Amino acid sequence: MKPRYLVLAIACIAALAAPNLAGAQEQRLPVSQCQAIAQTIPKATFASFSGGPPLVPAVSEGEDVKLTFLGHSTFEIETPSGIVIATDYNGWYRPATPPDVVTMNKAHTTHYTLTPDPGIKHVLHGWSDVPGEKANINVVVGDAYIRNVPTDIRFSYGLGGAHENGNSIFIFEIAGLCIGHLGHLHYELTDAHYTEIGRLDVVMVPVDGGLTMGADSMSRVIKRLRSSLILPMHRRGPPVEAFVSMFGKDFDVANAPDDSITVSMRTLPKKPLIYVLKGVR
């Protein structure tokens with residue numbers, strides 16, 4: 001092949017390859033260790049490209065994750081490296097340390113704010129502002145990987161109908177733990193939802209008895225998830241006992257002496273534990 005044709009051929013190949021490489025970089029996503037499918041791929045090796053965000057959370061020396069109930073459905077999650085996350089952040093219940101990440105759901109203004117502190121680096125909406133689309137959260141912040149599973153919610157204040165994908169179950173993968181916040185869950189989950197969620201070691205569950213779902217429906221979700229640690233939240237009206245009464249001898253129940261718990265893979269309860277933090281009851 002003559003030199004000038006060789007140069008032309010190389011240029012054409014490069015032009016065709018460039019979009020594919022760019023596309024691969026744009027589609028870089030962390031690998032969930034909590035989804036059920038991830039557990040069926042032993043010793044898998046995933047491709048990576050130079051540049052772009054890391055594919056996995058940063059490795060931290062500690063293994064303890066601290067969860068503190070701040071109020072309503074807002075928890076502070078502190079990772080081993082010191083990343084602070086606030087769930088269902090509405091601006092009223094704030095961690096003592098300004099959060100690095102806040103998650104929100106759009107059921108009521110008690111679950112979100114459109115005017116968060118501008119110093120918060122990562123504001124994650126559990127809904128999409130584009131009609132017909134789902135929120136798609138896949139972000140790594142320090143030693144935390146955060147993703148979401150969208151669910152439908154009813155329209156507020158008795159208007160009837162449903163807001164498709166207006167709620168998100170946020171999942172925080174930290175120090176080997178799979179931590180889930182069910183948000184303002186209005187409908188029992190489908191098999192597809194459970195597959196997307198995967199394993200949850202710790203779950204924060206609304207126990208209001210009807211504003212989200214009745215105790216019977218919510219208990220079925222919790223039994224299906226089979227989490228080691230269940231943290232009630234979002235209590236309005238009925239006592240927590242109305243929710244707890246739906247569980248038998250396969251679950252332990254304890255009232256916490258304070259509003260926080262520190263947990264790791266090593267210290268997870270061997271038997272599922274419903275742990276009622278101070279401030280919830």
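## Charges over aromatic rings

In this predicted model, Lys223 lies over the face of Phe247, at 5.5 Å from the ring centre, and Arg224 takes up the corresponding kind of position over Tyr194, at 4.1 Å from the ring centre. A charge is taken to sit over a ring if NZ of Lys or CZ of Arg is within 6 Å of the ring centre and within 35 degrees of the ring normal.

Residues are numbered from 1 along each chain as its sequence is written. Because the model is predicted, local features need pLDDT of at least 70 and side-chain atom pairs count only at pLDDT 80 or more, while totals for chains, interfaces and linings use all residues, and side-chain values use heavy atoms, with hydrogens and water left out.

## Aromatic pairs

Rings of Phe, Tyr and Trp (its six-membered ring) pair if their centres lie within 6.5 Å, with planes under 30 degrees apart counted as stacked, over 60 as edge-to-face and the rest as tilted. By this rule the count comes to three aromatic pairs. The rings of Phe243 and Phe247 have their centres 5.1 Å apart and their planes at 65 degrees, so this pair is edge-to-face. Phe243 and Phe247 are both buried, a term that stands for under 20% relative accessible area, as against exposed for over 50% and partly exposed for values in between (1.4 Å probe, protein chains only). Together with Phe251, Phe243 and Phe247 form one aromatic cluster.

Phe69 and Phe75 also form an edge-to-face pair, 5.3 Å centre to centre and with 65 degrees between the planes. Both of these residues, Phe69 and Phe75, are buried.

## Helix 3 and its buried face

Helices (H or I, at least four residues) and strands (E, at least two) are DSSP runs, numbered from the N terminus, and the chain has four helices and 14 strands. In helix 3, which covers residues 215-225, the buried residues are Ala215, Met218, Ser219, Val221, Ile222 and Leu225. Seen down the axis of helix 3, these residues fall within an arc of 155 degrees, so they line one face of the helix; the arc is that of the directions from the helix axis to the C-beta atoms. An α-helix has 3.6 residues a turn, so residues three or four places apart point the same way.

The buried residues of helix 3 pack against helix 2 (191-197), strand 10 (202-206), strand 11 (229-233) and helix 4 (240-244). Just after helix 3, Arg226 takes a positive phi of about 55 degrees.

Ile197 is found in helix 2 and, at 0% relative accessibility, counts as buried. Leaving out residues up to four places away in sequence, Ile197 touches Cys34, Gln35, Arg147, Val149, Ile169, Ile171, Leu189 and Leu225, where contact means heavy atoms within 4.5 Å.

Thr103 belongs to strand 4 (residues 101-104) and is buried, with a relative accessible area of 1%. Neighbours within four places in sequence aside, Thr103 is in contact with Ala86, Thr87, Asp88, Tyr89, Leu124, Phe170 and Phe172.

## Positive phi in two loops

His72 is found in the loop between strand 1 (65-71) and strand 2 (74-78), where its phi is near 55 degrees, a positive value in a residue other than glycine. At 11% relative accessibility, His72 counts as buried.

Ala175 lies in the loop between strand 8 (162-174) and strand 9 (177-181), and has a positive phi of about 50 degrees although it is not a glycine. At 31% relative accessibility, Ala175 counts as partly exposed.

## The chain overall and its confidence

Buried residues make up 46% of the 281 residues in the chain. Of the contacts with a separation of 6 or more, 57% are between residues 24 or more positions apart. The chain exposes about 14400 Å², of which carbon and sulfur atoms supply 56%, the areas coming from the Shrake-Rupley method with a 1.4 Å probe and, for residues, with only the protein chains shown as cover.

The mean pLDDT (the predictor's confidence in each residue, from 0 to 100) of the chain is 79, and 74% of its residues reach 70 or more. Over residues 2-26 the pLDDT is below 50, and this stretch has five contacts in the model beyond near neighbours in sequence. Residues 37-51 also have pLDDT below 50, with 14 contacts beyond near neighbours in sequence. Where pLDDT is low, the predicted coordinates should not be read in detail.
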